Amino acid sequence: MGRQFRYLYQAEARQLLWVIGTLFSVVFVVQYFELPYGAVVSSLFSVSIPAPGKTSLLSSDSSSKLGTMDNMTTDQGLNSSDAHAMHEIGNNTKTMERNNEGQKNDFASVMNGALDKSFELDGDSGLNGDYSSKNISEISKNLISEKANDSGNWSAVKNASRHEPSLFLENVTADSSFGNIREDDVALPPERSKRSGGGLISPLPASPQTISSSNTTSLTNLDLNPIILPPDRSSVKEGAAHTLNKDEKLEPSRNDLTLSDHSSISIPAVETRPELPAVTTISDMNNLFLQSRASSHSMKPRWSSAVDQEMLYAKSQIENAPIVKNDLGLHASLYRNVSMFKRSYELMEKTLKVYIYREGERPVFHQPPLKGIYASEGWFMKLMEANKKFVTKNARKAHLFYLPFSSRALEETLYVPNSHKRDNLVLCLKDYLDMIGAKYPFWNRTGGADHFLVACHDWAPSETQKLMANTIRALCNSDVQEGFKLGKDVSLPETYVRIPQNPLRDLGGKPPSQRQILAFFAGSMHGYVRPILLKYWEDKDPDMKIYGRMPKAKKGKMNYIKHMKSSKYCICAKGYEVNSPRVVEAIFYECVPVILSDNYVPPFFEVLNWESFAVIVLEKDIPNLKSILLSIPEKRYLEMQMRVKQVQQHFLWHAKPVKYDVFHMILHSVWYNRVFQISVRPKQLLG
């Protein structure tokens with residue numbers, strides 16, 4: 001009996017072991033195909049055992065996917081209807097060491113160093129142990145890269161990382177005081193992403209991912225101090241210039257930012273820019289522009305028109321322009337090709353006719369904003385609609401068609417506060433195009449290639465990118481890596497008009513011999529670049545006057561404008577987007593602009609030679625900013641400062657437009673790009 005019992009026991013045990021083995025094999029196979037990376041076996045257990053050079057994330061809960069990396073936990077649960085993700089970092093509270101030596105040329109560590117300014121972390125916050133900021137940078141980069149690979153849409157993830165205020169430092173403001181705000185320093189809306197529609201995208205993966213790097217070690221003893229949320233800004237005075245009328249646009253609501261009781265911060269916030277896009281240098285832009293001239297053409301018109309022949313003639317004349325040797329109004333060094341520019345401008349004055357659609361309801365259409373940082377689109381609209389030289393009422397004689405809407409008014413009128421959705425803004429533009437397409441034949445003849453818009457709001461590129469893919473877009477937000485097409489689109493100067501009745505007030509500045517300040521910057525901590533700039537240069541050097549938002553100066557003291565008038569170089573650091581009104585302000589006050597904004601296409605790029613009168617510094621070179629400026633010989637500086645005064649005429653608004661002013665330059669760039677983009681039907685080429 002005992003032997004029989006022992007036999008049955010062994011048989012049952014073998015069956016049980018067989019079942020367990022089969023189950024384990026099935027799980028292993030499923031894990032292998034679901035997680036095609038290392039540490040598959042270790043991911044089956046609650047204790048993470050990373051494979052060499054790899055770290056695994058474990059999905060342990062469907063509602064809040066937790067990934068354990070030694071004693072660091074990331075919380076991927078969704079805290080709001082907009083999918084705002086706050087990622088918990090473990091509770092091992094240790095003082096993090098700060099050491100900036102040897103890191104000045106490591107841009108990832110530069111990003112990390114900017115956290116104190118933007119998040120108001122305590123002074124002793126840093127990284128502990130042997131885990132460097134470079135490693136954390138690598139982890140964030142790989143994490144975002146994994147997400148991009150899964151979704152097949154890297155641009156959406158990149159935009160979420162760049163613009164989502166609950167995840168990244170650029171929309172978190174350290175100073176809650178709103179006294180004495182400059183108009184261009186007031187925080188702009190958080191929805192400065194390059195996509196339209198739905199909820200915001202979390203940069204962390206929705207399924208378990210592996211963060212792998214050859215330099216990655218285990219994350220231990222990682223701690224960051226709590227984020228100090230900006231206080232409620234509902235008390236901001238209505239008169240504080242351009243507060244966008246809605247507190248919700250300054251930052252997400254507190255419901256969108258859910259913090260745990262412990263120290264918590266999003267992982268990407270450690271590096272603020274999880275994966276730096278490849279930088280397109282000014283030299284690269286020059287090459288891309290020349291390539292577009294040689295190969296890029298618009299859609300062939302569906303039927304021929306006499307205006308096409310006139311444009312072809314203009315193109316031939318410009319390409320064979322007579323050499324300009326001595327023109328007192330045009331200085332050759334300022335231009336790519338002064339001869340082509342002069343001939344093109346002459347032909348524009350002689351030939352160009354623009355048709356303005358009368359359709360469109362106010363305030364989105366035909367109601368230009370004339371004050372503030374979006375004034376460029378308003379002033380152009382006002383002067384264009386009042387112009388008698390270029391405007392024609394006979395649409396069949398028009399070379400160009402103007403879409404007279406204000407991107408600023410579109411946002412103010414239709415955007416629903418806190419919705420994080422802009423579908424209705426895009427729909428408004430679509431309905432308008434559908435209406436003019438049904439009423440007139442001109443849009444459909446060229447697919448919109450002979451139409452143009454002028455828009456200065458940050459959202460304009462994303463709102464028009466699909467609807468108006470062929471249209472010539474004059475944009476302030478001219479980011480070459482966010483859909484701005486060199487050779488077709490026009491970089492619109494962002495001009496800050498303080499007094500519409502007198503846009504030229506305070507024009508000019510001190511002569512070079514009286515400019516005692518080497519470099520100057522002041523402004524709110526918008527974006528990721530400005531905190532880094534202040535991290536390295538605020539109160540660090542008497543020659544570098546680098547400030548945050550400047551308080552209102554007392555009588556007789558140096559204010560913002562006086563600083564610009566007294567500085568050799570004016571730092572034009574990007575904010576939330578690549579553009580900044582400081583570029584034009586520097587020229588206005590005769591200060592050599594120093595453009596600190598990667599991938600920014602400067603205004604009138606198709607015509608002007610920016611390297612002749614401006615300094616363009618890569619963001620990664622912020623630690624070396626002073627040495628770069630000091631390396632410029634005095635003779636070279638004097639040449640550049642003189643050229644700033646010479647190019648100034650192209651950036652000035654006049655109540656009645658004058659030759660070569662900013663109104664004419666915008667119109668010329670649109671004309672110029674259309675001339676070189678035009679395609680015609682074969683019969684037209686034959687004569």
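Guide: In this predicted model, a helix axis is a line fitted to C-alpha atoms over the stretch in contact, and the angle between two axes runs from 0 to 180 degrees between their N-to-C directions.

Visitor: What makes H8 roughly perpendicular to H19?

Guide: The axes of helix H8 (residues 338-351) and helix H19 (residues 662-677) come within 10 Å and cross at roughly 100°. Angles of 65 to 115 degrees count as roughly perpendicular, and therefore H8 is described in that way relative to H19.

Visitor: Which residues make the contact, and how do they divide into nonpolar, polar and charged?

Guide: On the H8 side the contact is made by Met-340, Phe-341, Ser-344, Tyr-345, Leu-347, Met-348 and Thr-351, while H19 contributes His-664, Met-665, Leu-667, His-668, Trp-671, Tyr-672 and Phe-676. These residues of the H8 contact with H19 divide into ten nonpolar, four polar and no charged.

Visitor: Which residues touch the most other members of the largest nonpolar core?

Guide: That core has 107 residues, and those touching the most other members are Phe-380, Phe-452, Leu-533, Tyr-569, Ile-571 and Trp-671. Helix H19 gives the most to this core, with ten residues. Leaving aside residues up to four places away in sequence, Leu-533 touches Phe-521, Glu-538, Ile-546, Ile-571, Ala-573, Leu-596, Ile-622 and Leu-625. A second, separate core of 33 residues includes Ile-282, Tyr-355, Leu-433 and Val-601.

Visitor: Why is Val-426 called buried?

Guide: Buried means under 20% relative accessible area, and Val-426, with a value of 18%, is therefore buried.

Visitor: What is noted about the phi of His-366 and of Phe-604?

Guide: His-366, although not a glycine, has a positive phi of about 60°, and this residue lies in the loop between E5 and H9. Phe-604, also not a glycine, has a positive phi of about 55° and lies in the loop between strand E13 (592-596) and strand E14 (615-616).

Visitor: Where is the cis peptide bond that involves Pro-363?

Guide: The bond joins Arg-362 and Pro-363, with omega about 5°, and Pro-363 lies in the loop between strand E5 (354-356) and helix H9 (375-386).

How values were computed
Residues numbered from 1 in each chain as written. Predicted model: local features only at pLDDT ≥ 70, side-chain atom pairs only at ≥ 80, totals over all residues. Heavy atoms only, no water. Buried < 20%, exposed > 50% of the residue type's maximum accessible area, 1.4 Å probe, protein only. Helix = DSSP H or I, 4+ residues; strand = E, 2+ residues; numbered from the N terminus. Parallel < 35°, antiparallel > 145°, perpendicular 65-115°, else oblique. Contact = heavy atoms within 4.5 Å. Nonpolar A, V, L, I, M, F, W, Y, C, P; charged D, E, K, R; others polar. Core = buried A, V, L, I, M, F, W, Y, C linked by side-chain atoms within 4.5 Å.
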